[in-house]
Amino acid sequence: MRTLSIAATGMLAQQTNVDVISNNIANMNTTAFKKQRAEFQDLLYQQVSRPGSSTGGDTKVPAGIQIGSGVKTGGVYRINQQGSLQQTDNPYDIAVQGKGYFQVTMPDGTTSYTRDGSFQISDQGELVTQDGYPVQPGITIPQGALDVSISKTGLVEVTVAGNTQPQQLGQLQLATFMNENGLEAKGGNLFLETAASGQPTVGSPGDTGIGTLTQGFVEGSNVNPVSEITSLITAQRAYEMNSRVLKTADEMLATTSQLR
Amino acid sequence: MDISSYVLLSQEQALKRRMDVVANNIANMNTVGFKREQPVFREYVEQTDGAVKAAEKTSFVLDYGAVHDASNGAFQPTGNPLDVMIDGPGYLAVQAGDGTTAYTRAGYVKVLESGELATSGGQVILGEGGKPIKIPPEEAGKVNVNPDGTVMGENGPLGRIAVTVFDSEAVVDPRGNDMFTATGGRELPAAQTKLVSGGVEGSNVNAIVETTDMMQILRAYQTSQSLSNSMSDLRKSAIDKLGRVS
């Protein structure tokens with residue numbers, strides 16, 4: 001009887017589903033977190049009798065007998081929907097509206113990508129992430145800066161004491177990818193480029209296909225608690241149903257073993 | 001020989017088959033684009049020359065096939081403007097790994113590194129006329145799908161997602177991974193194509209129907225077992241009585 005193993009695949013799949021949902025809920029307040037969804041696919045079908053096989057004479061089996069063998073997790077997808085913007089009034093908080101990732105230089109020299117624009121200033125005056133990784137292209141705020149303004153298109157300007165004219169410091173750039181879902185999440189709100197994501201296209205904010213920047217805001221997570229809770233309920237009930245199948249199969253086997 | 005046990009055996013086999021199918025349906029309750037399967041049985045009549053006219057025919061139950069219920073599942077919004085659900089019959093045609101064409105109703109759509117539209121499993125979606133739909137890099141993320149399947153970029157249409165229909169659902173066979181194989185399909189023209197974007201089609205498995213089915217199977221199985229037990233008692237007492245030397 002395949003029922004036992006089929007029900008087991010169903011329970012395993014729902015367990016993965018709950019894992020993904022709980023991670024979404026845990027990151028409900030994580031800056032620029034993108035929710036994920038587990039996606040399921042049916043497993044191979046076992047052909048008990050092939051469709052089109054002869055049943056005698058000229059007649060053929062029109063449908064055939066195929067027994068499915070359960071379900072598997074096909075993948076866990078990130079949903080790259082824009083999160084809502086939250087005002088912070090910190091001049092170094094920058095939210096991306098639309099597509100694009102900030103480039104961050106890691107301690108080993110490689111580049112990571114992030115949408116978390118809650119930046120800080122290092123002791124050298126460099127624009128860095130919360131973990132202290134510098135942002136590319138580097139922006140250094142001079143000492144005695146009174147006011148820093150970052151335009152929608154990423155131009156960083158500073159007003160220094162004793163000078164009425166703002167002074168240009170540099171241009172922030174964003175990287176976009178053909179297949180954003182292919183980026184590898186490595187925790188700490190950082191992503192890595194992979195073969196599936198494609199090469200990054202770097203450009204200024206506001207260019208075609210690249211989002212714009214908003215100073216003084218951060219992007220919240222795009223987790224919707226209501227939809228997560230409903231998914232959680234669905235997953236739990238589906239888990240229960242599968243365990244019910246397991247119990248029924250067990251009862252049928254018990255009946256068989258009591259046969260006289 | 002008394003064949004009643006064999007008749008019961010054929011029923012128990014059939015019930016186990018039904019149980020396998022129900023278990024698979026329940027396991028795929030949350031599988032996008034899944035179509036519920038239903039086993040079909042038929043009567044197999046054996047003609048014997050019994051002494052009593054009524055006992056000449058014995059009918060067994062035989063597996064005949066499994067058909068899938070092609071009714072639509074519920075729409076599940078995903079927030080991805082590329083995801084599609086087919087409203088009504090039909091399948092999306094995709095390029096399977098071995099170069100053949102497979103069909104699916106799981107409408108998770110993504111853009112590959114090469115710019116082509118593909119399913120979540122990475123199989124390239126075949127648009128109108130079997131041509132893949134290519135998205136230029138600068139328009140990635142700014143693409144919408146119209147109800148007639150046209151993929152709209154910023155500067156006009158980029159292609160059309162085609163829906164393939166089959167005259168008989170019986171030729172469409174599930175082969176796992178949300179894919180179906182079939183032959184003899186035809187593409188629906190734009191005027192008849194109805195796609196809903198921004199979500200996918202949930203599985204059409206109904207938990208209540210499957211659970212009641214399962215209860216029915218269990219009870220029928222138990223009935224058949226208890227019948228078989230009474231038959232065994234009957235046989236035992238017959239041997240006891242007939243074998244007694246008076």
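Predicted model: local features only at pLDDT ≥ 70, side-chain atom pairs only at ≥ 80, totals over all residues.
S10 covers residues 150-153 of chain B and S11 covers residues 156-160; the two run antiparallel and are joined by four bridges. If you'd like to find one of these on your screen, look for B:Thr150, whose bridge partner in S11(B) is B:Arg160.

Now let's move on to where the chains meet. How many residues of chain B are in contact with chain A? There are 61, and they touch 59 residues of chain A. Interface size is often given as the accessible area lost when the parts come together. Here chain B and chain A bury about 5100 Å² between them, with 57% of that on carbon and sulfur atoms. On the chain B side, B:Asp20, B:Asn30 and B:Glu113 lose the most area to chain A, together 11% of what that side buries.

B:Asp20 comes up again in the next part. Across this interface there is one salt bridge, and its partners are the side chains of B:Asp20 and A:Arg2, at 2.9 Å from N to O. There are also 11 residue pairs in polar contact across the interface.

So which elements of chain B give two or more residues to the side that touches chain A? They are helix H1, strands S2, S7 and S13, and helix H2. H2(B) gives the most, with 13 residues. Sorted by class, that side of chain B has 28 nonpolar, 19 polar and 14 charged residues.

Notes
Residues numbered from 1 in each chain as written. Chains lettered and ligands numbered in written order. Heavy atoms only, no water. Contact = heavy atoms within 4.5 Å. Buried area = accessible area lost by both parts, 1.4 Å probe. Salt bridge = Lys/Arg side-chain N within 4 Å of Asp/Glu carboxyl O. Polar contact = N/O pair within 3.5 Å; in protein donor to acceptor, adjacent residues only side chain to side chain. Nonpolar A, V, L, I, M, F, W, Y, C, P; charged D, E, K, R; others polar. Pairing = 2+ DSSP bridges.
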